[in-house]
Amino acid sequence: MPMTVIDVSDVAARGQRPDAAQDVVYAWLKRHVLTLPRSETTFMTESQVCRETGVSRTPVREAFLRLEADGLLKIVPKKGAYIPPITEADVEAIMQARRLVEEWCVRQASRFGEVVADELDRLIAKQEEVRNDPVAFIERDRDFHRTIVAAAGNPVLASFYESLRDRQVRMGVHAISVGSRIDEVFTEHRAIAQAIRASQSDQAVAAVGEHLAKTLVALQAPIFCHRLSNPRQVG
């Protein structure tokens with residue numbers, strides 16, 4: 001697997017408070033981690049990040065801890081942080097889990113018809129606004145699916161779904177780099193929302209199943225490098 005060290009030379013900490021410096025480092029590193037090719041292995045050290053950003057070890061260490069809590073890296077004591085690849089087995093397991101959860105949840109959500117569909121339409125519009133920002137696009141995508149899961153009213157499933165959170169973002173950034181996937185996502189999301197609006201539960205389940213199946217195909221497509229063209233946009 002390729003090994004890369006992240007260049008953080010353009011992160012500046014010009015007299016910020018420690019918590020502000022931590023937020024800058026966290027946001028920048030998170031955005032870069034999420035846009036790494038999912039098969040790529042990356043390692044970074046506290047001293048490297050401190051040197052390049054000009055911040056002390058405390059905010060860097062706190063940023064690492066937050067990223068570890070997000071499931072995006074693993075801290076190696078006294079050495080630094082390791083960002084593992086997302087394997088083909090990981091992709092299949094996560095997508096299988098999503099399908100089990102989302103097909104059940106969309107059936108329950110269909111009982112609420114227009115109430116849920118109106119919110120989904122609003123989220124689709126929000127996603128349209130960020131179609132040129134891969135990370136923001138996938139985060140809005142997660143909001144769409146999270147709304148369906150929440151509408152089902154099962155807090156245990158909702159909590160489990162959230163545990164897949166950031167791995168879905170890193171995977172999703174790859175998926176939308178494939179062909180016309182962004183436009184296809186909008187078509188598929190609208191089909192799900194329309195089925196829910198009509199309270200057609202079987203149709204909604206089928207629409208979710210088709211959407212996730214096509215997403216899996218995109219995830220399994222050849223991997224291209226899709227790093228940010230402007231790493232200053234930490235969002």
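How many cavities of 30 Å³ or more does a search of the whole structure find?

A: This is a predicted model, in which local features need pLDDT of at least 70 and side-chain atom pairs count only at pLDDT 80 or more, while totals for chains, interfaces and linings use all residues. Residues are numbered from 1 along each chain as its sequence is written, and side-chain values use heavy atoms, with hydrogens and water left out.

The search of the whole structure finds one cavity of 30 Å³ or more. A cavity here is a set of points, on a 1 Å grid over the protein atoms alone, where a 1.4 Å probe fits but cannot get out; lining residues have an atom within 4 Å of a point. The largest cavity holds about 180 Å³ of space, a volume being the space filled by probe spheres set on the points, which are joined across faces, edges and corners. Its lining has 18 residues, and R98, I138, D141, G172 and T215 are the closest to the centre.

At least two lining residues come from each of α4 (88-109), α6 (134-151), α8 (165-175), α9 (181-197) and α10 (201-219). Helices are DSSP runs (H or I, at least four residues), numbered from the N terminus. With five residues, α6 gives the largest share of the lining. By class, nine lining residues are nonpolar, five polar and four charged; Asp, Glu, Lys and Arg count as charged, and Gly is among the polar ones.

As for confidence, the protein averages a pLDDT (the predictor's confidence in each residue, from 0 to 100) of 81, and 84% of the residues score at least 70.

Note on methods. On a 1 Å grid over the protein atoms alone, a cavity is a set of points where a 1.4 Å probe fits but cannot get out, and a pocket is an open set with protein on both sides within 12 Å along at least five of seven lines; lining residues have an atom within 4 Å of a point.
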